[in-house]
Amino acid sequence: MLKILGCALILLAGGGAGMTMAGHYARRPRDLRSLQAALKMLETEITYTATPLPEALGRVAERAGPRLAPLFNRAREELLSPSGRTAREAWESALKAFYPTSALVPSDLAVLRQLGPALGISSVQDQSKHLHLAMEQLGVEMARAEEEASRYVRLWNYLGFLGGLALVLMLY
Amino acid sequence: MVTAPLLRPVKSTKSHPVEEVLPVLPVQLRNLIAGLPLEVLERLEEIRLRQERPLALGLVHKDAFLSPEGNLVSSPEQAYRVSAGDLERTLQLVTGSSLYALEEELRNGYITLPGGHRVGLTGRAVMEGGRVKTLKYISSLNIRISREVPGLATPLLPHLIDRRLKSIYHTLIFSPPRCGKTTLLRDIIRQLSNGAPELDLPGLTVGVVDERSELAGCCRGVPQRDVGVRTDVLDGCPKADGMIMLLRSMAPQVIATDEIGRDEDIAALEEVFHAGVRVLVTVHGASLAELAARPALRHLFKLKVIQRFVLLGRSRGVGTVEDILDGQTMRSLGVR
């Protein structure tokens, strides 16, 4: 009886581990997509209404959903802090805090970091160009992420469960 | 006996004007300047940042450089050198990291900070269709600290009030540059707008056309200087257009503007006279003869509508009222 219970636990644990890994792969395209949408919002704020950056970041945070809100809120708070942060530093530190909570990989982070030095220091047209570049690059990453997701999500789901099963068989 | 007082240190509950500009400086420079003795801060008018050149301060009567230890020095070799990083950071702080939102300001070459202080910028101009589109590679910043002088107009005001109509005479203030015209005009506007019970003057609705954002020091359209409770400011608007706009839209009792002189300004002023609105203006010029030599102003004199001419000078400090003339008789009202 106890043996069967143990086996069930191993199976559950294996399946769970597999699903966590699969979830990670499934979440990355979603994160990238909402990031892309958020940058689009930021671009709209900048090009259509020339909203000052802290205010524009705040508005994006309000509409970007609970997963991305901390990123934009943090950047906004850093910008408004009395210690005299530049937009690059604010964006950098917001990314640093956001990255571990996201499903992003280093190449995604690199795209986002590249945006920092350009943020807020040039004309509307130039800002729009930089944001477009970032959105495009995120699009490339997204295609890759989706392809990986379609391959690995099922793989990890099975792998976890089957791995658990194999262990059970070996131990039984 | 009218003698406008010297620019004296003003006691107010507001923070020191220099403190208001410190947040736009990088922390290092902020500390250097905040560490200056109080008597230097009181006289500080300008902070000049030029890339790869010494950090310069403009004081009331002289210029000085600031050493890395925070002392005033006269030789540029001992001075703190402003790095490209300092300048970039200051620019970001001045613009709130939103340079794109300030294209109009860049075209004009200055940005107004909260508190009415102004930052002048130079760099490389980007042209489009023969006009300056924007600036890039910004390499010099001049942070100009502005101070209000509440009460500057108090001794002058009784001479400008039309007691019968409970309003102000059509007034023209003239002086050479840097004699405090704008500061005086601002204080007159404030007092007219708030009303002066001791002169039996009710508060008047004042419309201000502030073409160069100097009078009200507007930051995003909101006056940062105290221009009174009944004052409407049209910021950044050409004077001639602005006066007509105010006349039509805001029903002012007084229209005030700074530095008139072009033909269209005078034409707009005529409209204002005909509408029965009082006029309060300033002009550059050291004497009436000098003013009359300018065609547009000669026309204004021919109209014979200006009732008070006020000459400012610096004989007893900035903002000294040297003379007040009656517009009808052209006689001095006996200032001294």
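A crossing of two helices is left-handed if the near helix is turned anticlockwise from the far one by less than a right angle, and right-handed if clockwise. I wanted that settled before opening the model, which is a predicted one: local features need pLDDT of at least 70, side-chain atom pairs count only at pLDDT 80 or more, and totals for chains, interfaces and linings use all residues. Residues are numbered from 1 along each chain as its sequence is written, with chains lettered from A and ligands numbered from 1 in the order in which they are written.

**Entry 1: H7 and H8 of chain B**

I looked up the crossing of H7(B) and H8(B) and found it left-handed. Helices here are DSSP runs (H or I, at least four residues), numbered from the N terminus. H7 covers residues 239-249 of chain B and H8 covers residues 263-274; they pack at an angle of about 15°, with axes 8 Å apart. The axes are lines fitted to C-alpha atoms over the stretch in contact, and angles run from 0 to 180 degrees between N-to-C directions. That angle makes H7(B) roughly parallel to H8(B) (under 35 degrees; over 145 is roughly antiparallel, 65 to 115 roughly perpendicular and the rest oblique).

Next I checked who touches whom, a contact being two C-beta atoms, placed from the backbone, within 7 Å. From H7(B), B:Met243, B:Ile244 and B:Leu247 are among the residues that meet H8(B), where the partners include B:Ala268, B:Leu269 and B:Val272. By class, this contact has eight nonpolar, no polar and four charged residues. Ala, Val, Leu, Ile, Met, Phe, Trp, Tyr, Cys and Pro count as nonpolar, Asp, Glu, Lys and Arg as charged, and the others, Gly among them, as polar.

**Entry 2: H1 and H2 of chain A**

I turned to H1(A) and H2(A), residues 53-63, whose axes come within 9 Å and cross at roughly 140°. That makes H1(A) oblique to H2(A). The crossing of these two is right-handed. A:Ala38, A:Met41, A:Leu42, A:Glu45 and A:Ile46 in H1(A) meet A:Ala56, A:Arg59, A:Val60 and A:Arg63 in H2(A).

**Entry 3: H5 of chain A**

In H5(A), residues 106-115, I found A:Asp108, A:Val111, A:Leu112 and A:Leu115 buried (20 or more other C-beta atoms within 10 Å of the residue's own; 12 or fewer is exposed, in between partly exposed). Seen down the axis, the buried residues of H5(A) fall within an arc of 90°, so they line one face; the arc is that of the directions from the helix axis to the C-beta atoms. The face turned away carries the exposed A:Pro106, A:Ser107 and A:Ala110. Helices H1, H4 and H6 of chain A are among what covers the buried residues of H5(A).
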